[in-house]
Amino acid sequence: MFNTRNSFTIYHSSFTTIKSLEYRPSEIEPKWRRWWQENQVYKVETRADKPKYYILDMFPYPSGAGLHVGHPLGYIASDIMARYKRLCGFNVLHPMGYDSFGLPAEQYAIQTGTHPAVTTEQNINRYREQLENIGFSFDWSRELRTSDPGYYKWTQWIFMQLFNHYYDLEADKALPISSLVARFEKSGNVGVKAACDDDTPVISPGDWNQMTERERQLFLLKYRLTYPGEAFVNWCPALGSVLSNDEVKEGVSERGGHPVERKLMNQWNMRITAYANRLLSGLDTIDWPESIKDQQRNWIGKSVGAAVKFALAEGTNSPEGTTIEVFTTRIDTIYGATFMVLAPEHELVNVIKSEEQAAEVDGYVRWAAARSEIERMAETKKVTGKFTGAYAINPFNQERIPIWIADYVLAGYGTGAVMAVPSGDQRDWQFAKHFDLPIVPISDAQKDLDQAADPTKEGRYINSRLINGMSYEEAVPALIKWLELHNVGKGKTQYKLRNAVFSRQRYWGEPVPAYWKDGVPYLIDEKELPLVLPKIDKYLPTESGEPPLGRAENWKYKGSEYELSTMPGWAGSSWYFYRYMDPNNSNTFCSKEALGYWQDVDFYIGGSEHAVGHLLYSRFWNQFMFDIGLVPHAEFAKKLVNQGMIGGRSNFVFRAKERFFEQFLQKAILIPFFKEFGPNVISSGNYEEDYTYDFTFDKSDLVIEVTSIERQEKIERIKENSAKEGKRLLVLFTETLADHINEPNKIADLIARAMESLEELIVPVDKPVSRQLFVSHDLICDYIADSFTALHVDVNIVEADVLKLENARELPMFEKANFKLNNDGKFTCSHELEKMSKSKFNVVNPDDMVAEHGADCFRMFEMFLGPITDAKPWNTQGISGVSGFLKKFWGLFFDKNGNLAVSKDEPNADELRALHQCIKKVTEDLERMGMNTCVSHFMIATNELRKLNCSKQSVLEPLVIMLAPFGPHIAEELWHILGHENSVCDASWPSHNEEYLKSDTKEYPIQVNGKLRGTVELPSDVTAADAEAAALGLDQIQKWLEGKAPKKVIFVPGRMINIVV
RNA sequence: GCGGGAAUGGCGGAAUUGGUAGACGCGCUGGUCUCAAACACCAGUGAUUUCACGAUCGUGCGGGUUCAACUCCCGCUUCCCGCACCA
């Protein structure tokens, strides 16, 4: 209905179709890719006459390694959906671009001096080639790159908007900083409820008005949504950069695994905490995988509780009126607080420690500070801590409780201090047990407190003065009310989420559009955007330790120094989905018209590894952009799907150690000699022993030593030894054995001759050819496990775990190697599932798959592997099934002589049923992303039509249309063979007709007591009574009734009959 | 420890609101074609048992609900992913 395209498009007609019995993807595919390009078939316009559908892939970082078969999985799925939606009449936006700023290109620049832009360009070209090869329907005219100044101009512009706004808690949205200034002038910040730094002082209008310009700017930084500030950061010396929390895994950098240390640095930050609650509640409005939402909830870490101020007991070293604030989610347990614990880093530790305890406390603080993150995490079970000598007062009962320090309390969370309730909290309980501190029960429902803490909220409170006898629900509000009344605390919500560090001490990123004057940052003029990355001589920090931009000549704005750090990787990816809507606009990040039409992403697809990085930061930026009216929705993606990882299937070959040869000699060769020379003796079970021989015999003075030709020193020692003992010595080189491994008779001959000879020393004269031996995997179970070294072998020279020997011999690792083959004359490898990576030699390149089987086959095979969301191993073996299907489908269009066989005849009922069954199933399955079963349905339909010998256009044409999203090239070819001149992309998706699916009869299964005992053919519209009669009339059913009358007969129309006896 | 997901033939995986478990494909076995091989095509292929008809068992384990359970409920086991001393 929306197919207006063919009315105004003139298609190039120089393309001829290939009418041949044989399906040849290598001829068809490049041809149509060119045709699509020449006719701009995938060009997308903003047009109001069609409903829009925006389907987006998470854009890739173009790495030097290129794409492997795991990458396109999501792209293929999204391409199928995009093409399907287009056939359904939607105007589909399905763009692709590159997240092209990033560390690897810069690391490479440091090593080689090549500008990262050059490397990036090369990598992008390679990606583009690989992507084009697969036949995606991307509108390449919308391609974008985050490192393009035309793009990052707007990244910088959004940064400026963040700088110019603060978060107003009353309006619950971002407001201009200018309105904040107006309020300060009028009434100071007393009435202002806004997200700001914790240490923001209260000021009066007078204070504000007396401030110098510099002081005002510094004060405003406490409110701006992006601001520079001293913060502990994850500093990675090896990478020379600050890393965000999600770039650090287990105390080392995610990329490269370098150590990371905490360092105080002046950094730009993003006040994401202002949005904590909205980022949390927004999750309930979007259709995203539950695991992603949970990870984000966890990362935001909202806890509702109370802040309580504990005064210090008399006699404690501290200024008058000092209190220690703690945060607790269990204020109801406060009467059970028998001690307090501070983090060793807590600022009051040094103040309050008593003189007697000072030495111990200092020692502990030093010890704790010296421990690495890894040590801390490894020893979470170990209880450590010291008493400070100081006491605090519980505000509720005025009891003195000792203050301890311990590193189970984290400086970075809450206030860095906890009230310890050993009866209710397991960590506090362990601490109390260890240091023999009192444990006071606080609820009548608590049990077994001598075994463990019991955090129950059941029961009634005891030992809790104010709340004795109350339930949890009653106690909490009562206590908070009391706290606020007595001004010693308040109800409080705490978030684990920290403000995000935004600076990177790096070159290859967006320059921050700010300059410094008098220690205060200012934004550059908007007209100066983009602030383009300057040229520098080297991509390293300056001698004084400043970021690489410090090397740029004249890197100044009107005489003032620019900010030297650049933005992190996530800056450019936090808003790119809008740029695709209007990619070349130089006046705005995206026009109102484009935004008004495309709105937001309908369907976002990508890997789950971005759960809390990209997906949280981009939601944050989007909420902000929504607040200030830039974008129409608070959430940018309605629906999100994670494609599962494709695991690599690694292959291993087994290289023989000396120990193998000794065993081999024994098992395969020496046993026949026993009769004549008596059983041989193997030296002491340890084959590797240096001073005894590998083999000696009862009735022969010959001894045998197996060793590498390279171990001359060992051979000399053995020679001396045998001469001394009067033994005759046969030295067998492992290399010689390797040479003749597949012809053991030769070795047996050699030994036989040695046995009969009288020579004292026998060393084979032929120089061995082999240096090492590899043993077929199916043979290694006959040997001790330690006889081999397993080595990764390139999976591209292995087929069905059988090594292709001709190809293998060309590899350096198999130079001068011999192979011990199995009984079938083959060499097999073992396999294991691992992550796909270069170092494991298990990377499969999509280009190779396309070259061998065609892009359509590759696309369908990736889908056929299983559900898109599941992790699955890559195994090329099954691809022949899909390839066979495409050949068969192609074959439906031709007769045995290769002539076009498509007829205009009317289809019969069987043919219509096969077609409409397929339409129904494929449509249903596409709607629920079941691409794997779609492929099955195509196979079933094709098999049926082949049996029916059907070549009717009215049946084949709808199938071609349905196949188009999956195998666009073959579909386009067949579409044109059927006589069309436009693209199959502009056809209409067929709909099924239930009438054709009905059949006159149905084979009903008959169960007796739920077990299948027979079937009966019945009319489709059979009544329950008739069905029952027919079922009971069958002999094989009567047999099971044993003459008894059925108790009950259940008849499910169209399903089954069950007889209960 | 917490959260999320999963477990079905030799393998990847199907199975609608509970209704013929194993669709489809790979692999394997047998056959046709061929001098032969490859390709192609046809047939078979969960296990045990039976000459055969058939029977018994069978969706990680143990219970339960139901005429009927891969599917629902209760209790476990194992694996994968994420988080982890979060007060």
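Q: How far is an N or O atom in the side chain of Arg 928 from a phosphate oxygen of RNA strand B?
A: The distance is 3.3 Å. A polar contact is a pair of N or O atoms within 3.5 Å, and this pair from Arg 928 and the phosphate is 3.3 Å apart. This is a predicted model, in which local features need pLDDT of at least 70 and side-chain atom pairs pLDDT 80 or more, while totals for chains, interfaces and linings use all residues. Residues are numbered from 1 along each chain, chains are lettered from A and ligands numbered from 1 as written, and side-chain values use heavy atoms, without hydrogens and water.

Q: Which atom of RNA strand B lies 2.4 Å from a polar side-chain atom of Asn 1058?
A: It is a base oxygen.

Q: How many residues are around RNA strand B?
A: A residue is near a strand if one of its heavy atoms lies within 4 Å of it. Around RNA strand B there are 49 such residues, and Thr 328, Thr 329, Arg 427, Leu 865 and Asn 1058 come nearest.

Q: Which element gives the largest share of the surface near RNA strand B?
A: Helices (H or I, at least four residues) and strands (E, at least two) are DSSP runs, numbered from the N terminus. Here α31 gives the largest share, seven residues. Elements that each supply at least two residues include α31 (931-948), α29 (879-891), β11 (323-328) and β40 (1056-1060).

Technical notes:
Polar contact = N/O pair within 3.5 Å; in protein donor to acceptor, adjacent residues only side chain to side chain.
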